[in-house]
Amino acid sequence: MKVKDAMHKGVDWVNPDTPVTELAKLMREHDIGAIPIGENDRLIGMVTDRDIVCKGLAEESFDARRATARDVMTPGIHCCWEDDDLTKAVRHMEGLKVRRLPVINKNRRMIGILSLGDVSRSAPGDLLSECIKSVSAHHH
């Protein structure tokens, strides 16, 4: 099974100057927990709901009205190819301890996001349970 068969499409990246409040609304609207950040047609980072809480709300100096994606994003982007084998992508997520990976096509355009949730709906059970154990382990 390929990544493109499991991923969810229609997730656009947003500009790093997008207000955090806007990101939160997008997350609620699309029922997603992570938004890729792009600048000059390149992916430059990712903001997760956890980033907004831990790097935003938990900081004394945080001003939700003024904060932008750039203030809370995790820079540096890991992604996978749409034609990657799903098992390989899951192993990659495991190695990085992440729950989501942007998916790019051969033109390096982002075409979707693969999340553990997507994998759980489409992948064989044993593949997923291993991955969840590994990714969840680091939260304790």
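**Figure 1. Order of elements along the chain.** From the N terminus, the elements run α-β-α-β-β-α-α-β-β-α-β-β-α-α. That makes seven helices and seven strands. Both are DSSP runs numbered from the N terminus: helices are H or I with at least four residues, strands are E with at least two. The model is predicted: local features need pLDDT of at least 70, side-chain atom pairs count only at pLDDT 80 or more, and totals for chains, interfaces and linings use all residues. Residues are numbered from 1 along each chain as its sequence is written, and side-chain values use heavy atoms, leaving out hydrogens and water.

**Figure 2. The largest nonpolar core.** This core holds 14 residues. A nonpolar core is a set of buried Ala, Val, Leu, Ile, Met, Phe, Trp, Tyr and Cys residues joined through side-chain atoms within 4.5 Å. Buried means under 20% relative accessible area, exposed over 50%, partly exposed in between (1.4 Å probe, protein chains only). Among the residues with the most contacts inside the core are Val14, Ile35 and Ile52. Two or more residues come from each of α2 (20-30), β2 (34-39) and α4. The largest share, four residues, is from α2.

**Figure 3. Surroundings of Ile52.** Leaving out residues up to four places away in sequence, Ile52 touches Val20, Leu23, Met27, Val47, Leu57 and Val72. Contact means heavy atoms within 4.5 Å. A second, separate core has 13 residues, including Val3, Met93, Leu101 and Val119.

**Figure 4. Thr68 in its loop.** Thr68 lies in the loop between α3 (49-57) and α4 (69-72). Its relative accessible area is 18%, so Thr68 is buried. Beyond its neighbours within four places in sequence, Thr68 contacts Pro16, Asp17, Thr18, Pro19 and Val20.
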